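I opened the notebook to look up contacts between side chains. My entries follow in the order I made them.

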Amino acid sequence: MRKLFLGTLILTCLLHGCKPDQEAEMRARDWSFKNEAQAVLINKENDTLQQLKLELADTDYTIQLGMMYREQLTEDQGMLFVFNDARPRFFYMKNTDVPLDIIYITADNRIDSYYTNAVPKDETLLKSKGEAQYVLEVKAGMVKKWNLKEGDLFKWQEIN
């Protein structure tokens, strides 16, 4: 029952804005990283660029929540947004507290496009170039550090 209440509270905050006491309750929750999947980024020469631990955002609720209330990601962590179909996507940083690199990924697991160092709290729409079925958020600066390019491969699987 508590989970249902908390889910309703979070969804209400997302859709209508939190009152100060609700915002405090949300911030007080444990937002620790959950390792739910693993991934590898591979360049066109078939070299591994990076292995990642992923938290999944694959429901309406977790997609809307995203990286809100998070304070950090390590260089080997990311949040993968999983959608049912591929189409042009856009993200923004309105309620996000940490700078991120946002990576758009096609249905055939290729890097479509990306934005580096997305600014916390910014409401600018960051659009994919093409159709994306997945969106990967990682610590700001990682795209450059890994030398990630459009067309590189992204392989992932859930952890049982």
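Which residue forms a salt bridge with Glu75? I found Lys145, with the closest N and O atoms 2.5 Å apart. I note here that the model is predicted.

**Entry: Glu75 and Lys145**

I looked up where the two partners sit. Glu75 is in the loop between helix 3 (60-65) and strand 3 (77-91). Lys145 is in helix 4 (residues 142-146). Then I checked accessibility. Glu75 has a relative accessible area of 33%, so I logged Glu75 as partly exposed. Lys145 is at 52%, and the cut-off for exposed is over 50%. I therefore logged Lys145 as exposed.

**Entry: the other salt bridges**

I took the count next. It comes to eight salt bridges. I followed up some of them.

Lys34 pairs with Glu55, and their closest N and O atoms are 3.5 Å apart. This pair, too, links distant parts of the chain, at 21 residues apart. Lys34 lies in the loop between helix 2 (20-28) and strand 1 (37-42). Glu55 belongs to strand 2 (residues 48-57). Is Glu55 buried or exposed? Glu55 is buried, with a relative accessible area of 4%. Lys34 reads 40% and is partly exposed.

I then looked at Lys129 and Glu150. Their side chains meet in a salt bridge at 2.8 Å, N to O. Lys129 is in strand 6 (residues 126-139). Glu150 is in the loop between helix 4 and strand 7 (153-158). Lys129 is exposed, at 65% relative accessible area. Glu150 is partly exposed, at 32%.

**Entry: aromatic rings**

I turned to the rings. The structure holds five aromatic pairs. For Phe81 and Phe91 I read 4.9 Å between the ring centres and 85° between the planes. Planes over 60 degrees apart count as edge-to-face, so that is how I logged the pair. Phe81 is at 2% relative accessibility and counts as buried. Phe91 is at 12% and counts as buried as well.

Tyr104 and Tyr115 form another edge-to-face pair. Their centres are 6.4 Å apart, with 85° between the planes. The pairing limit is 6.5 Å. Tyr104 is in strand 4 (residues 100-105) and Tyr115 is in strand 5 (residues 111-118). They are 11 residues apart, and the pair links distant parts of the chain. Tyr104 is buried, with a relative accessible area of 0%. Tyr115 is at 29% and counts as partly exposed.

Which residues form one aromatic cluster? My list reads Phe81, Phe83, Phe91, Tyr104 and Tyr115. I also checked for a charge over one of these rings. Arg89 lies over the face of Phe83, at 3.9 Å from the ring centre.

**Entry: Ala132**

What is Ala132 in contact with, leaving aside its neighbours within four places in sequence? I listed Asp85, Ala86, Arg87, Arg89, Tyr104, Ile105 and Thr106. Two of those names came up in earlier entries. Arg89 is the residue over the Phe83 ring, and Tyr104 is the partner of Tyr115. Ala132 and Asn109 are 9.0 Å apart, C-alpha to C-alpha, and 23 residues apart in sequence.

**Entry: the whole chain**

I finished with the totals. How many helices and strands are there in the protein chain? I counted four helices and seven strands. From the N terminus on, the elements run α-α-β-β-α-β-β-β-β-α-β. Of the 160 residues, 42% are buried. Among contacts with a separation of 6 or more, 67% come from residues 24 or more positions apart. The accessible surface comes to about 9,300 Å². Carbon and sulfur atoms hold 48% of that surface.

Definitions and conventions
Residues are numbered from 1 along each chain as its sequence is written. This is a predicted model: local features need pLDDT of at least 70, side-chain atom pairs count only at pLDDT 80 or more; totals for chains, interfaces and linings use all residues. Side-chain values use heavy atoms; hydrogens and water are left out. Rings of Phe, Tyr and Trp (its six-membered ring) pair if their centres lie within 6.5 Å; planes under 30 degrees apart count as stacked, over 60 as edge-to-face and the rest as tilted. Buried means under 20% relative accessible area, exposed over 50%, partly exposed in between (1.4 Å probe, protein chains only). Helices (H or I, at least four residues) and strands (E, at least two) are DSSP runs, numbered from the N terminus. A charge sits over a ring if NZ of Lys or CZ of Arg is within 6 Å of the ring centre and within 35 degrees of the ring normal. A salt bridge is a side-chain nitrogen of Lys or Arg within 4 Å of a carboxyl oxygen of Asp or Glu. Contact means heavy atoms within 4.5 Å. Accessible areas come from the Shrake-Rupley method with a 1.4 Å probe; for residues, only the protein chains shown count as cover.
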